[in-house]
Amino acid sequence: MTTLRSAPGGSRHPGHDGTQGSTPPVLEIDAVTKTYPSQPPVQALRGVSFAVNQGDLAAIVGPSGSGKTTLLHIMGTLDLPSTGTVRLTGLDVAALADRDLAALRATQIGFVFQQFFLAEHQTVLDNVADGLLYTGVRQAQRREQAHEALHLVGLADRPAARPTQLSGGQRQRVAIARALVGQPAIVLADEPTGNLDSTTGQSILALLHELHERGVTIIIITHDQHIAGRMPRQIEMLDGHIVADTTRDRPPGDPVLIPGARP
Ligand SMILES: Nc1ncnc2c1ncn2[C@@H]1O[C@H](COP(=O)(O)OP(=O)(O)O)[C@@H](O)[C@H]1O
Ligand SMILES: [Mg+2]
């Protein structure tokens with residue numbers, strides 16, 4: 001996987017031609033239900049099916065309570081469905097031992113959260129290098145890859161900074177670098193602009209588009225129809241169901257898509 005190291009303008013969408021053929025989808029969700037055993041039980045997902053292909057940039061969008069966070073946890077293998085199947089890089093996650101599942105998660109999924117979840121006492125570089133902690137990569141190599149990931153998110157000049165010295169947008173860039181550093185099969189971002197002002201949020205969305213252009217597979221969870229509307233694919237949820245799954249060939253002209261736009 002050289003996706004993240006390819007220079008801008010280099011080979012784009014690696015593996016793109018293969019996604020219809022021999023390469024399995026990065027993630028397959030098949031007839032997934034989730035019932036929380038509360039009193040009364042809550043059926044949060046009621047039969048959800050879709051596949052994420054390599055290179056997708058998709059929004060999962062829906063109002064509060066529609067099941068987005070539940071679905072994110074199941075996609076991220078942080079929780080198992082009540083019924084149905086989840087396949088990550090072709091592997092049925094329910095068939096894996098805990099250890100193997102943890103290893104698969106650590107190497108194949110990058111998480112980005114609304115609250116960033118950075119270690120405040122650590123440098124930016126070490127926060128990013130920590131994205132490789134459970135992958136068996138040695139420290140010197142972890143730091144080298146962390147430098148590369150920081151470069152990708154536009155923070156190559158701040159490796160020694162502490163998160164407390166950074167703006168919200170810069171913190172989210174660090175979190176995105178941490179998610180990317182292990183070159184995962186998929187990045188799952190839960191309301192990544194939810195804690196940012198709209199201008200900063202725009203620059204984070206521009207960065208996600210830029211990463212998509214480099215071939216990174218990204219799912220963004222959002223309650224915001226406006227954000228979802230800018231993504232090439234939109235999966236709409238309501239009451240535990242997918243009510244629409246729409247893909248368009250070309251995004252409409254929008255300032256967020258101007259290369260290098262970074263207010
Ligand atoms: N741990 C839980 N126990 C019981 N009900 C839950 C739990 N987590 C979520 N729910 C319920 O499941 C439904 C879907 O919630 P959630 O997945 O958080 O939706 P969203 O992220 O779209 O707001 C809601 O009705 C919510 O109250
Ligand atoms: Mg939620």
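**In which sense do strand S3 (residues 57-61) and S8 pair, and over how many bridges?** S3 and S8 run parallel, joined by 5 bridges. Two strands count as paired if DSSP finds at least two bridges between them. Helices (H or I, at least four residues) and strands (E, at least two) are DSSP runs numbered from the N terminus. This is a predicted model, in which local features need pLDDT of at least 70, side-chain atom pairs count only at pLDDT 80 or more, and totals for chains, interfaces and linings use all residues. Residues are numbered from 1 along each chain as its sequence is written, and chains are lettered from A and ligands numbered from 1 in the order in which they are written.

**View 1. The protein chain.** The protein chain holds 7 helices and 10 strands. Of its 263 residues, 40% count as buried. Buried means 20 or more other C-beta atoms within 10 Å of the residue's own, exposed 12 or fewer, and partly exposed in between, with C-beta atoms placed from the backbone. Among contacts between residues at least 6 apart in sequence, 72% join residues at least 24 apart. A contact requires C-beta atoms, placed from the backbone, within 7 Å.

View 2. Axes here are lines fitted to C-alpha atoms, for helices over the stretch in contact, and angles run from 0 to 180 degrees between N-to-C directions. S6 and S7 run parallel, joined by 5 bridges. Across that pair, Phe113 stands opposite Asp190 in S7.

View 3. Strand S8 (residues 218-222) has 5 of its 5 residues buried, so the rest of the structure largely encloses S8. Ile218, Ile220 and Thr222 point one way from S8. Ile219 and Ile221 point the other way.

**View 4. The crossover through helix H6.** S7, helix H6 (residues 198-213) and S8 make a right-handed β-α-β unit. Right-handed means that, with the strands pointing away from the viewer, the path from the first strand over the helix to the second runs clockwise. Helix H6 contains His209. His209 is buried, with 21 other C-beta atoms within 10 Å. From C-alpha to C-alpha, His209 and Arg230 are 9.6 Å apart in space, and 21 residues separate them in sequence.

**View 5. Strands S9 and S10.** S3 and strand S9 (residues 233-238) pair in the parallel sense over 4 bridges. Ala59 stands opposite Gln234 in S9. On to strand S10 (residues 241-247), S9 pairs in the antiparallel sense over 6 bridges. Leu238 has His241 in S10 as its bridge partner. The hairpin of S9 and S10 has 2 residues between the strands, and Asp239 takes a positive phi near 50° there.

**View 6. The four-stranded sheet.** An open sheet of 4 strands has the order S2-S1-S4-S5, with antiparallel pairing. S2 and strand S5 (91-92) stand at the edges with a single partner strand each, so one side of each lacks a neighbour in the sheet. Strand S4 (residues 83-88) pairs with S5 in the antiparallel sense over 2 bridges. Leu88 stands opposite Leu91 in S5. H1 packs on this sheet, touching strand S1 (27-36), S2 and S4, and its direction makes about 125° with that of S1.

**View 7. The shell around ligand 1.** Tyr36, Ser38, Val42, Ala44, Gly62, Ser64, Gly65, Ser66, Gly67, Lys68, Thr69 and Thr70 surround ligand 1. A residue belongs here if its C-beta atom, placed from the backbone, lies within 6 Å of the molecule. Strand S2 (42-52) and helix H1 (68-75) are the elements giving two or more residues to the shell. H1 gives the most, with 3 residues. By class, the shell has 3 nonpolar, 8 polar and 1 charged residues. Ala, Val, Leu, Ile, Met, Phe, Trp, Tyr, Cys and Pro count as nonpolar, Asp, Glu, Lys and Arg as charged, and the others, Gly among them, as polar.

Methods:
Two residues are in contact if their C-beta atoms, placed from the backbone, lie within 7 Å.
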